Amino acid sequence: MSKYAYKTLIVNVSDKTYEIRKFEPPDVLGPIDLGVKLHIDVYESWKYDVFSDKNVVVIGKGPFTGGKLIGTHRMIIVFRSPLTKTLHVSALGGAAYKFMGTGIDALVIEGKSKNPTMIFLEGDENGNVGIRFEELSIKELLDIYEGYKGRRGTYALTLYLLDKYFFFIKKNNARAFVVGPAALSTIFGSVFSIDFDVNKRSLALGAEDSAARGGGGSVLFKAHNVIAVIAGGKFRPAKTNPKLNDLNLINKISRRIIGKTYVEAVVSATVKYRFDEKIKTGGTFGVNYPHYKDLIPVFGFNMIYLSKYMRMRIHEMIISHFWKPFNDEVFIKTKSWYTCGEPCVAACKKVWKGKKVDYEPFNGLGPMIGVFDLALTRRLVDLVDELGLDAIEVGHIISWIFDAIERGLLKPEDVDLDSKPYFNPLEFRQQYSKHNADLAAKIIEGLVSKKSTVLRLIAEKGIRAAAKELNKMYSDRVRVRGVRFEDLVVYIPFGDDGYVTPNYYWTPGMIAPLFILGRYWTNYTPTFMEPEDFAASSLLRAIKEYEIDNAGICRFHRRWAEKILQSLYSELLGINIDLDNHAKTYYKRIAEYSVKANALPRPWEGSKTMDLISSIASELSVKEWMEKFSSEFSKSINEWWRRFYMKVCMELSIKCK
Ligand code: SF4
């Protein structure tokens, strides 16, 4: 029998009580297993409001921290999402490198505190964890968000923690997870974390990340009144399991399965994220633009309606004004490569003028909203990080609003703007970027301060429910223009009013009916297949991504990790389990939770979302489906959706409505 146990600290912030519980395999291997188990077997969170204190937030690490394995220090956050209304998983890079010092594997937050609360966790050498609570009044919190040492929001709160609790942070080499103002007023609040540089008594720029998708920060605040977790300590997991430090054993596994030493395997599997000699760039931002070229989503996904020629012109604009300044500065001038907070040979965090540049947030607040200027986008990403928002979601919201103004469904004053954006790609000039960026900044601020009726609606209900309300509020415009609000934005519906927006890839896999979306738990290659084939490949990827996240492994390391993970569990931890089977069982449990929560995938609602499917079929010249879509559009779109969904349900042996 394995001695492995997943050590969990369950904290009730209502009465400030806590207990340690140990969960054992095969029930619980990692944080997602724990989150799914607790939400289903213990708290039955689907029965309550999404902001009920029963919506426990599980913040956990994987079992491979603290040894020789690289990229194994992600923090995983599991909660019921106020967007999708079902369970959601989001991840935060590198933070477990410090969290492991607490001696626990996961923190579970239940109950609701009266005042905004900070939880301090401190582990000793033997893995005993101490816990302390501190509170702020809401006024004190808002004052800090307003400005502390020249910074706002999440950065201000983190700086405040560094000053006020410097001794604790230094002694325990701790890291903080915080929520920002957006968690208080919207459903899109993220959990934000930037590492400390205790020697300089400052923030470690570049080592910042958000568990942003799905609104985990909003749940942390609205359901529990928790604003920060500050965790660290002296415990080292290899003390109780020396095999984590056994490089000979790890090399043996790697050589046997991959045919290379472990470090060779890691280095070759992470080229794209470090520096790819072939294309002379690296990191997600550096690689995606030259790789995907004109398939990159721009102008609120309206590029699906453009000719290849027009798309290539936009691509050239991206390369000159957006990508090249990044590449010249990062790879030629400064060589500013950092890690997310754990030692990692990939060093994927490419820092441009002090700001970490990743593809998704920069595309969302750049080309997606008609901004083709890296400095302007950087300003917007900073703003979104400060406010503790999800940059991907915000990119969809802004481009939706811009498109609605362009199409006459909204007037600028409806969203507290004084002029229209430039959102017609056929007439666009790069110099319009500044105007669009200024308007975008106003919308971002307006969302969090709920400055107009429309922005309040979106902030509180999300895109899908807001679209339905806006159709009623502006029914005359909808009738005259012949287009509904949901026709101008891409989202995946769940249940009656749940949804999530996709990551920025032009592929059916990002919007196909699966149970957790808005992340990479799918086949997201820009391709088109028969729905059953696509479903099988997407489900396979969902299961593999589950395994990687559940092990707390950074998905940029998946190319080596997926190959040896089964052996790492058995030879390092003594857990002999069929991993694929295990992940599939838990993925199925998430689907069953969705049934209970009335949050199963629903057929696509808006024309742009459907057009995304038919356009990629045309783009790839898939003749049979092109003909089907052109002769009977709605019927064929529904057929593709339904066949995909039925295949997924059949593979999981669940009854889907
Ligand atoms: S690849 Fe990047 S995000 Fe992943 S562990 Fe390495 S530095 Fe961190």
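1. The side chains of D195 and K98 make a polar contact at 2.9 Å. Here a polar contact is a pair of N or O atoms within 3.5 Å; within protein, one must be able to donate a hydrogen and the other to accept it, and residues adjacent in sequence count only if both atoms are side-chain atoms. D195 sits in strand 10 (residues 191-197). Its relative accessible area is 7%, so D195 is buried (buried means under 20% relative accessible area, exposed over 50%, partly exposed in between; 1.4 Å probe, protein chains only). Leaving aside neighbours within four places in sequence, D195 contacts K98, R175, L203, A204, A207 and G341 (contact means heavy atoms within 4.5 Å).

2. On provenance: this is a predicted model, where local features need pLDDT of at least 70 and side-chain atom pairs count only at pLDDT 80 or more, while totals for chains, interfaces and linings use all residues. Residues are numbered from 1 along each chain as its sequence is written, and side-chain values use heavy atoms, with hydrogens and water left out.

3. N523 lies in the loop between strand 17 (498-500) and helix 19 (531-550). Helices (H or I, at least four residues) and strands (E, at least two) are DSSP runs, numbered from the N terminus. N523 is buried, at 10% relative accessibility. Its side chain has polar contacts with the side chains of T525 (2.6 Å) and S537 (3.0 Å). Not counting residues up to four places away in sequence, N523 touches T507, G509, M529, F534, S537, S538 and R541.

4. Check helix 17 (residues 453-473). Its end C-alpha atoms span only 10 Å, whereas a straight helix of 21 residues would span 30 Å at 1.5 Å a residue. The expected span is 1.5 Å times one less than the number of residues. A kink of about 125° is centred on G462. The bend at a residue is the angle between axes fitted to the seven residues ending there and the seven starting there.

5. K468 forms a salt bridge with E605, closest N and O atoms 2.9 Å apart. The pair links distant parts of the chain, 137 residues apart: K468 is in helix 17, and E605 is in the loop between helix 21 (579-596) and helix 22 (607-619). A salt bridge is a side-chain nitrogen of Lys or Arg within 4 Å of a carboxyl oxygen of Asp or Glu. By this rule there are 58 salt bridges. K468 is partly exposed at 30%; E605 is buried at 18%.

6. E329 and K333 also form a salt bridge (3.7 Å, N to O). They are 4 residues apart in helix 12 (residues 308-334), so about one helical turn separates them. E329 is buried at 13%, whereas K333 is exposed at 64%.
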